[in-house]
Amino acid sequence: MECPKCGRKCFEGVVKAGQAGTLFNEAANLSWTPEYEKKKIIKKDALNLEKSGVGYYCQFCEKVYATFELNKIQSVFQ
Ligand SMILES: [Zn+2]
């Protein structure tokens, strides 16, 4: 993938949530929340994500861009 910021080639890798010892901790989840629900307590449009995804690292911008699959079928923005 090319970096969305500078357009140079990124290194492909893996992005994971959590750390050693928390692998089976149910509380260690990963989610995406839309901007308009960022400050709300109840986030009805949030999406639950798999705890690992594909990440692309740009060494020039020193950023990682990642893609995560949804952890089950979820309907968006009902
Ligand atoms: Zn870049």
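Q: Which strands make up the open sheet, and in what order?
A: The open sheet has three strands in the order β1-β4-β5, and the pairing is antiparallel. Strands here are DSSP runs of E with at least two residues, numbered from the N terminus. Two strands pair if DSSP finds at least two bridges between them.

Q: Which are the edge strands?
A: β1 and β5, each of which pairs on one side only. From one strand to the next, the twist averages 35°. That angle is taken between N-to-C directions of axes, which are lines fitted to C-alpha atoms, and it can run from 0 to 180 degrees.

Q: What kind of model is this?
A: This is a predicted model, in which local features need pLDDT of at least 70 and side-chain atom pairs count only at pLDDT 80 or more, while totals for chains, interfaces and linings use all residues. Residues are numbered from 1 along each chain as its sequence is written.

Q: How many helices and strands does the chain have?
A: Zero helices and five strands; a helix would be a DSSP run of H or I with at least four residues. Along the sequence the pattern reads β-β-β-β-β.

Q: Back to the sheet. How many bridges hold β1 and β4?
A: Six bridges, with β1 (residues 11-16) and β4 (residues 52-58) paired in the antiparallel sense. Among the partners, Glu-12 is bridged to Tyr-56 in β4, and Val-14 stands opposite Val-54.

Q: And how many join β4 to β5?
A: Five bridges, again with an antiparallel run. Tyr-56 has Tyr-65 as its bridge partner in β5, and Cys-58 stands opposite Lys-63.

Q: Is Glu-62 buried or exposed?
A: Glu-62 is exposed, because 7 other C-beta atoms lie within 10 Å. The cut-offs are 12 or fewer for exposed, 20 or more for buried, and partly exposed in between, counting other C-beta atoms within 10 Å, with C-beta atoms placed from the backbone.

Q: How much of the chain counts as buried?
A: 3% of the 78 residues. In β1, the count of buried residues among its six is zero, so that strand is hardly covered.

Q: Which residues is it in contact with?
A: Leaving aside neighbours within four places in sequence, Asn-48 is in contact with Asn-29, Ser-31, Leu-70, Asn-71 and Gln-74. A contact means that the two C-beta atoms, placed from the backbone, lie within 7 Å. Asn-48 and Asn-29 are 19 residues apart along the chain, and their C-alpha atoms are separated by 7.5 Å.

Q: What share of contacts comes from residues 24 or more positions apart?
A: 45% of the contacts in the chain with a separation of 6 or more.
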